[in-house]
Amino acid sequence: MRKKWLMNVITLAIILLLATACNRNDKEQSNEVEGSNDKPAQTEDNKVDTNTLPFEVTHDGDTIQGGTLQVGLVADSPFKGVFSWELYADVYDAEIMGYATNSLFVVDEDFLITDKGIAKLDVDANNNKVMITIQGDVKWSDGMPLTADDLIYPYEIIGHPDYEGVRYDDDFKNIVGAEEYHEGKATTISGINKIDDKTIEISLKKVSPAIYSGGDGLWGYAAPKHQLAAIAVKDLISSDVVRKNPITLGPFKFDNIVNGESVQFVANEHYYKGKPKIDKVVVQVVPSTSVGEALKTGKFDLTSEFRANQYDSIKNLSNISILGRPELSYSYLGFKLGKYDKEKGENIYDEKAKMNDVDLRKAIAYAMDIETVTDKFYQGLRVRANSLIPPAFKSYYDETLEGYHYNPQKAKEILDTAGYKDTDGDGIREDKDGNKFTIRLAAIAGSDTDEAIVEYYRQNWKEVGLDVQLTTGRLLEFNNFYDKVEADDPEIDMYMGAWGTGTNPSPAGLYSKGAAFNFSRYVSEELTKLLNNIDSEEALDADYRAQAFRAWQEYMHEKAAIIPMYFRTEIIPVNKRIKNYAIQYGNVTELQNVEFIADTAIK
């Protein structure tokens with residue numbers, strides 16, 4: 001429920017990362033860039049009217065009993081297989097866990113926690129406390145009851161001194177006693193108390209509006225203490241209970257895992273909302289280059305995602321319906337401006353970092369012809385982002401913000417004024433001291449289309465005199481990309497990535513001093529103040545919080561440590577053998593209610 005790769009409750013994770021697949025053309029491999037007059041010539045000019053994409057669909061026919069839902073996990077790398085909400089760090093693992101989620105809360109169309117989930121949340125803002133209460137008799141997939149101990153145990157994992165994951169952050173430290181526990185000064189988290197077998201109370205240093213969306217340190221998942229407690233926290237990530245036989249609270253339970261390739265789930269007879277109407281779910285990895293054909297032939301009923309630049313391959317298929325909704329995500333260009341100190345658990349900003357020149361960063365942003373890319377490659381299914389807050393968060397997104405429009409002349413003027421000049425007449429600018437200047441870009445390996453987009457941006461930068469080369473000389477495989485980005489690899493000056501925000505709009509989990517996901521490593525006293533304002537007690541006033549969001553967005557634009565690139569429309573193809581399917585936030589089809597009108601996918 002909190003920021004950081006988190007899922008929209010009940011539905012699959014809405015975290016899409018830039019590009020995929022490993023099919024490189026010869027031009028990309030040689031690192032040559034097309035001529036300065038070339039424009040992308042990919043798809044037809046007609047834009048998709050995203051307003052016509054429905055949120056739900058009903059297919060006519062009589063329902064059948066049981067059946068197996070076939071899901072394509074669109075990935076060009078094996079999934080890692082860390083099936084723990086406290087430990088995972090891979091979008092694909094999150095998508096898989098969505099079928100067996102341990103989520104406690106359900107949110108409404110405004111992404112606020114309701115009382116419709118496994119647990120309800122009661123907030124005592126005056127005393128900085130929250131109460132979490134299990135509703136009814138809920139059981140794990142092994143038949144054991146869900147208890148208050150299972151609500152507490154995730155906090156003990158994340159806060160443990162031996163925890164090496166990324167979820168112990170500034171948000172988590174808002175829990176009273178969390179820091180003392182993490183530092184080994186206490187054996188328990190003093191601010192978390194068990195009231196009875198179904199209820200816990202958490203004392204917080206502050207309560208802000210973020211609590212109602214799963215922020216302020218609140219953790220939105222349970223962990224089966226009876227299965228995990230016998231294993232040391234440092235050993236959990238490699239244990240069988242995480243990798244081979246995790247037990248869950250969701251509508252389906254793990255049945256068979258083929259490492260990196262597929263997972264089979266069977267219906268969870270103990271699911272608190274009743275046994276699912278279908279018997280099984282099989283989630284199988286499918287390369288992004290093959291997913292269109294797989295949908296056409298009826299190999300899959302659903303896919304974990306469908307990439308906008310492949311829309312033409314499915315838009316006329318008669319065996320599927322295409323649904324769409326605004327994504328809780330954005331693509332961005334990030335700059336490496338420091339390091340992450342794992343021991344201290346904080347980002348260290350480096351004033352001497354190569355890319356620590358705000359004028360250089362702004363020039364890079366103005367040089368990017370994002371508008372052409374969205375029109376030619378994405379047909380309007382992605383649009384230029386003007387902010388780091390997705391438009392789906394209507395109370396906090398500000399459409400009046402300009403962002404960075406394509407303006408190469410302005411980029412040149414900024415570079416000239418900042419002292420980046422072409423001193424030897426080769427068309428490439430030197431640095432301020434007259435030395436050769438090359439910027440190394442990391443991006444994820446993708447299809448020919450995705451790679452063409454990266455090459456087009458490299459050409460944009462070349463046109464204003466900047467030499468941008470790919471880290472390691474080529475695009476990076478997904479896991480290798482994030483390993484390098486997280487490790488602050490010195491070969492990376494800037495990188496193209498994306499964030500799924502989850503249902504909590506607060507940016508603290510991605511950009512605070514203690515956020516491991518703050519990959520740019522940019523921190524400042526002013527940034528910390530602005531983030532604190534968003535999640536302050538004063539922000540319980542809606543107008544105050546909206547203004548705090550506006551101030552933060554303006555500040556991030558001015559500092560240009562992160563450049564927003566795209567907002568997205570999420571495309572969800574649904575095979576016509578699925579009876580009913582809805583995706584509107586606050587009104588999604590729950591997995592236990594999926595049912596079929598045919599034994600196999602319609603071709």
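Visitor: Is N128 buried or exposed in this predicted model?
Guide: The model is predicted. N128 lies in the loop between strand 3 and strand 4 (129-134). Buried means under 20% relative accessible area. The relative accessible area of N128 is 16%, so N128 is buried.

Visitor: What is phi of N128?
Guide: The residue is not a glycine, yet its phi is positive. For N128 the value is near 55°.

Visitor: Where does R521 lie, and what is its phi?
Guide: R521 is in the loop between helix 13 (508-511) and helix 14 (525-534). Its phi is positive, in a residue other than glycine. The value is near 70°.

Visitor: What is the relative accessibility of R521, and is R521 buried or exposed?
Guide: The cut-off for buried is under 20%. R521 has 1% relative accessibility, so R521 counts as buried.

Visitor: How many aromatic pairs are there?
Guide: Rings pair if their centres lie within 6.5 Å. By this rule the count is 31.

Visitor: Is the pair of F111 and F393 stacked or edge-to-face?
Guide: The ring centres of F111 and F393 are 5.2 Å apart. Their planes are at 65°. Planes over 60 degrees apart count as edge-to-face. The pair F111 and F393 is therefore edge-to-face.

Visitor: How many residues apart in sequence are the parts that F111 and F393 tie together?
Guide: F111 lies in the loop between helix 2 (91-97) and strand 3 (119-124). F393 lies in the loop between strand 14 (382-384) and helix 10 (408-418). Both F111 and F393 are buried. The pair ties together parts whose separation in sequence is 282 residues.

Visitor: Why is the pair of F481 and Y482 edge-to-face?
Guide: F481 and Y482 are both buried. Their ring centres are 4.7 Å apart. The pair is edge-to-face because the planes stand at 80°.

Visitor: Which residues do ring pairs link into a cluster with F481 and Y482?
Guide: Ring pairs build a cluster that includes F481 and Y482.

Visitor: Which ring does the charged end of R382 sit over?
Guide: A charge sits over a ring if CZ of Arg is within 6 Å of the ring centre and within 35 degrees of the ring normal. The charged end of R382 is 4.4 Å from the ring centre. The ring is that of Y378.

Visitor: What is the distance from R577 to the ring centre of F596?
Guide: R577 lies over the face of F596. The distance to the ring centre is 3.7 Å.

Visitor: Which strands are at the edges of the open sheet of five strands?
Guide: The strand order is 7-8-9-2-10, with mixed pairing. An edge strand pairs on one side only. The edge strands are strand 7 (252-258) and strand 10 (302-303).

Visitor: How many bridges join strand 2 to strand 9 (residues 280-286)?
Guide: Strand 2 and strand 9 run parallel. L73 has V285 in strand 9 as its bridge partner. The bridge count is seven.

Visitor: What is the bridge partner of G72 in strand 10?
Guide: Strand 2 (residues 68-74) also runs parallel to strand 10. Two bridges join them. The partner of G72 is T303.

Visitor: Do strand 8 (residues 262-267) and strand 9 run parallel or antiparallel?
Guide: Five bridges join strand 8 to strand 9. S262 stands opposite Q284 in strand 9. The two strands run antiparallel.

Visitor: Which strands stand at the edges of the sheet of three strands?
Guide: This open sheet has the order 1-19-20, with antiparallel pairing. Each edge strand has a single partner strand, so one side of each is left without a neighbour in the sheet. The edge strands are strand 1 (56-58) and strand 20 (587-588).

Visitor: What is the bridge partner of Q584 in strand 20?
Guide: Two bridges join strand 19 (residues 580-584) to strand 20. The partner of Q584 is N587.

Visitor: How are helix 8 and helix 15 oriented to each other?
Guide: Helix 8 (residues 358-366) and helix 15 (residues 542-559) pack with their axes 8 Å apart. The angle is about 95°. Angles of 65 to 115 degrees count as roughly perpendicular. The two helices are therefore roughly perpendicular.

Visitor: Which residues is K362 in contact with, beyond its neighbours within four places in sequence?
Guide: K362 is in helix 8. K362 is buried, with a relative accessible area of 15%. Its contacts are Y404, I414, H557, E558 and A560.

Definitions and conventions: Residues numbered from 1 in each chain as written. Predicted model: local features only at pLDDT ≥ 70, side-chain atom pairs only at ≥ 80, totals over all residues. Heavy atoms only, no water. Phe/Tyr/Trp six-rings, centres within 6.5 Å; stacked < 30°, edge-to-face > 60°. Helix = DSSP H or I, 4+ residues; strand = E, 2+ residues; numbered from the N terminus. Buried < 20%, exposed > 50% of the residue type's maximum accessible area, 1.4 Å probe, protein only. Pairing = 2+ DSSP bridges. Axes fitted to C-alpha atoms, helices over the stretch in contact; angles between N-to-C directions. Parallel < 35°, antiparallel > 145°, perpendicular 65-115°, else oblique. Contact = heavy atoms within 4.5 Å.
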